[in-house]
Amino acid sequence: MTMKTDKELKSFQILNKAFLAKKLKNSAYSQNALARDLGVSAVFVNKILTGKKPVPSERFKKIFQVLEMDFTLQSAFLKADRKSTRLNSSHTDISRMPSSA
């Protein structure tokens with residue numbers, strides 16, 4: 001089994017990497033603490049860390065600051081997020097397409 005590089009990681013995996021790095025510096029740091037620092041609910045934090053919910057772009061800067069993400073991790077996150085956004089927007093919802101009569 002091969003190890004994924006940062007370039008191949010999904011955005012939520014990169015956030016997890018940053019979260020775990022912060023937790024290594026302070027073993028008491030938790031998802032609840034991250035939620036408090038971001039001003040969001042613990043449920044929201046859990047959903048973004050598990051990839052169940054995308055991170056709203058207006059939260060990027062605050063997350064980068066709170067998780068003390070360096071430029072390399074920020075860049076990898078943004079690249080992965082753009083890739084994910086492109087993939088999700090490429091799936092056209094047929095029910096929303098105008099009918100041709």
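pLDDT is the predictor's confidence in each residue, from 0 to 100. I started there, since this is a predicted model.

**Confidence**

I looked up the chain average first. The mean pLDDT is 83, and 77% of the residues score at least 70. Then I went through the helices. Helix α2 (residues 31-38) has the highest confidence, at a mean of 97. Helix α5 (residues 71-89) has the lowest, at 83. Next I checked residues 90-101. There pLDDT stays under 50, and the model has one contact beyond four places in sequence for this stretch. Where pLDDT is low, predicted coordinates should not be read in detail. I left that stretch alone.

**Layout**

I counted elements next. The chain holds five helices and zero strands. Read from the N terminus, the order is α-α-α-α-α. I then asked how far apart in sequence the contacts reach. Of those between residues at least 6 apart, 52% join residues at least 24 apart.

**Burial and surface**

Buried residues account for 29% of the 101 residues.

**The core**

Which residues have the most contacts inside the largest nonpolar core? I found I14, L15, L34, I63, L67, M69 and F77. The core has 26 residues. Helices α1, α2, α3 (42-49), α4 (60-66) and α5 each supply at least two of its residues. Nonpolar side chains in soluble globular proteins tend to be buried together.

Beyond four places in sequence, F77 contacts S11, I14, L15, V55, F60, F64 and M69.

**S11**

S11 turned up in that list, so I checked its burial, with under 20% relative accessible area as the cut-off for buried. S11 sits in helix α1 (residues 11-25). Is S11 buried or exposed? S11 counts as buried because its relative accessibility is 15%. Leaving aside neighbours within four places in sequence, S11 touches F77, A80 and D81.

**Helix α2**

I then looked at both ends. At the N-terminal end, S30 caps α2. A side-chain oxygen of S30 lies 3.3 Å from the backbone nitrogen of N32. At the other end, G39 follows α2. The phi of G39 is positive, near 75°.

Key:
Residues numbered from 1 in each chain as written. Predicted model: local features only at pLDDT ≥ 70, side-chain atom pairs only at ≥ 80, totals over all residues. Heavy atoms only, no water. Helix = DSSP H or I, 4+ residues; strand = E, 2+ residues; numbered from the N terminus. Contact = heavy atoms within 4.5 Å. Buried < 20%, exposed > 50% of the residue type's maximum accessible area, 1.4 Å probe, protein only. Core = buried A, V, L, I, M, F, W, Y, C linked by side-chain atoms within 4.5 Å. Polar contact = N/O pair within 3.5 Å; in protein donor to acceptor, adjacent residues only side chain to side chain.
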